[in-house]
Structures are given as C-alpha cells and as structure tokens.
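Please consult the sequence and the structure shown below while reading this briefing. The points are grouped by topic.

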Amino acid sequence: MQYPLPIAHLIDAYMKLPGIGEKTATRLAFYTMDMPQEDVEDFSKALIQVKKDIHQCPICGNITEKDICDICSNPNRDQTTIMVVEQPKDVMAFEDMGEYSGLYHVLHGVLSPMDGIGPEEINIKSLITRLQKHDEVKEVILALNSTPEGESTAMYISKLIKPAGIKVTRLAAGLSVGSDIEYANSITLKRAVQGRTTL
Ligand SMILES: [Zn+2]
C-alpha cells in the first residue's frame with residue numbers, strides 16, 4: 001500500500017537526514033502527525049530560521065548569525081595564531097576546552113580526491129588570502145582529524161604556507177587515529193594543543 005502523498009513527502013524529507021533510513025523516517029513522519037499543531041509549526045519555523053539566519057563568517061568560515069563571527073570580531077583574541085579545523089563543531093569543541101585564545105579557520109571538509117573534493121571545494125584559498133593580508137599571524141595550528149584525508153590535507157596546507165615563513169604546527173598525537181575532534185574530551189584536546197609539534 002502506498003502512503004498518501006503528503007506522508008510520503010515527509011518520509012522522503014526525513015530520509016535526507018544523516019543516519020535515518022526508511023523505517024525511522026516512517027516512524028518520525030507518523031510521530032509528527034500526532035504532534036500538536038503548534039509544535040509542528042515551531043519545528044518548521046526553526047528549520048527555516050536556521051537556514052535564513054546562519055551563514056559562514058566571511059573571515060574564518062565559522063557559522064554565525066552576525067556579519068562577522070564573535071571570535072573574529074574580538075580584539076582580545078590572540079591575532080598571531082590561527083587554528084585550522086575541519087568543521088564548525090570542532091571550533092565549539094576547542095572553545096569548550098577554554099584554553100585556546102587564538103583565531104580559527106574552518107575548512108568545511110578535507111581533501112578527498114576519491115569523493116571529488118579538491119582544494120577548490122574547501123576553504124583553503126581563503127586561508128591563504130587571509131595569511132597574505134595579515135602578516136601578524138606567526139603560527140598556524142593544523143587541528144585536523146587523524147584520518148588519511150585529514151593527514152593529507154594537513155600536508156597540503158603545510159606545503160602551501162611554510163614558504164611564507166609561518167610556523168606550522170599540528171596537534172600532538174593524543175587523539176587516537178580516526179577519532180573525531182568533536183568527540184574528544186577537553187583534557188585530551190588540551191594535551192593535544194599543548195604538546196603540538198612543528199611540521
Ligand atoms: Zn569568523
């Protein structure tokens with residue numbers, strides 16, 4: 001039996017979310033139908049609002065609802081250090097750690113030739129331009145995950161910026177191979193930052 005079209009559409013919509021298969025999507029769709037009208041309206045508004053109000057900071061690529069994100073616009077942050085991360089969630093993880101006071105640059109991914117992701121597809125060019133414009137930057141910390149893609153991305157970026165005389169470091173090997181920065185605890189992250197090594 002086919003579901004009525006509006007339900008089928010909702011199931012399809014839920015299936016676009018990561019980790020949600022047809023079974024879960026169907027369960028969520030039926031759950032949604034039983035929700036109070038007001039809750040469903042709040043939910044749909046929240047979806048639209050997040051797309052409307054959140055954008056990437058033009059300087060660092062982090063997500064923000066302001067023109068320039070809070071970190072880039074804070075003059076008290078250490079302007080001589082930029083930490084390069086894969087995702088906005090990594091910024092949150094390092095901020096929760098509370099020990100890092102420099103700036104960030106969010107790549108929004110890593111190089112992955114197999115998936116067709118080259119340097120143009122992630123935020124590398126803007127990092128280079130940023131470094132050319134701001135010669136006060138003395139150190140770039142590559143805080144990428146220890147996956148093969150993370151490693152090769154770190155190597156690629158390091159080769160690009162080292163000739164400019166900027167110190168390039170990477171996190172100490174406190175994070176286990178393949179572990180995600182977003183899931184690492186504060187102590188592990190703190191150790192990884194403190195024990196960073198020069199590339
Ligand atoms: Zn920013």
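The notes that follow concern a helix, salt bridges and an annotated region.

This is a predicted model, in which local features need pLDDT of at least 70 and side-chain atom pairs count only at pLDDT 80 or more, while totals for chains, interfaces and linings use all residues. Residues are numbered from 1 along each chain as its sequence is written, and side-chain values use heavy atoms, with hydrogens and water left out.

**Helix α6**
- Gly150, Thr153, Ala154, Ile157, Ser158 and Ile161 of α6 are buried (under 20% relative accessible area; exposed is over 50%, partly exposed in between, with a 1.4 Å probe and protein chains only).
- These residues lie on the same side of α6, because they cover an arc of only 135 degrees around the axis (taken from the directions from the helix axis to the C-beta atoms).
- Exposed Pro148 and Lys159 sit on the face turned away from the buried side of α6.

**Salt bridges**
- The whole structure contains 6 salt bridges (a side-chain nitrogen of Lys or Arg within 4 Å of a carboxyl oxygen of Asp or Glu).
- Arg196 pairs with Glu139 in a salt bridge, with the closest N and O atoms 2.6 Å apart.
- Arg196 lies in the loop between α7 and β7 and Glu139 in strand β5, so the pair ties together parts 57 residues apart in sequence.
- Glu139 is buried at 9% relative accessible area, whereas Arg196 is partly exposed at 30%.

**Annotated region**
- An unreviewed UniProt entry places "zinc finger region: C4-type" at residues 57-72; such annotations may be inferred rather than shown by experiment.
- Lys66 and Asp70 form a salt bridge at 2.7 Å, N to O.

Definitions and conventions: Helices (H or I, at least four residues) and strands (E, at least two) are DSSP runs, numbered from the N terminus.
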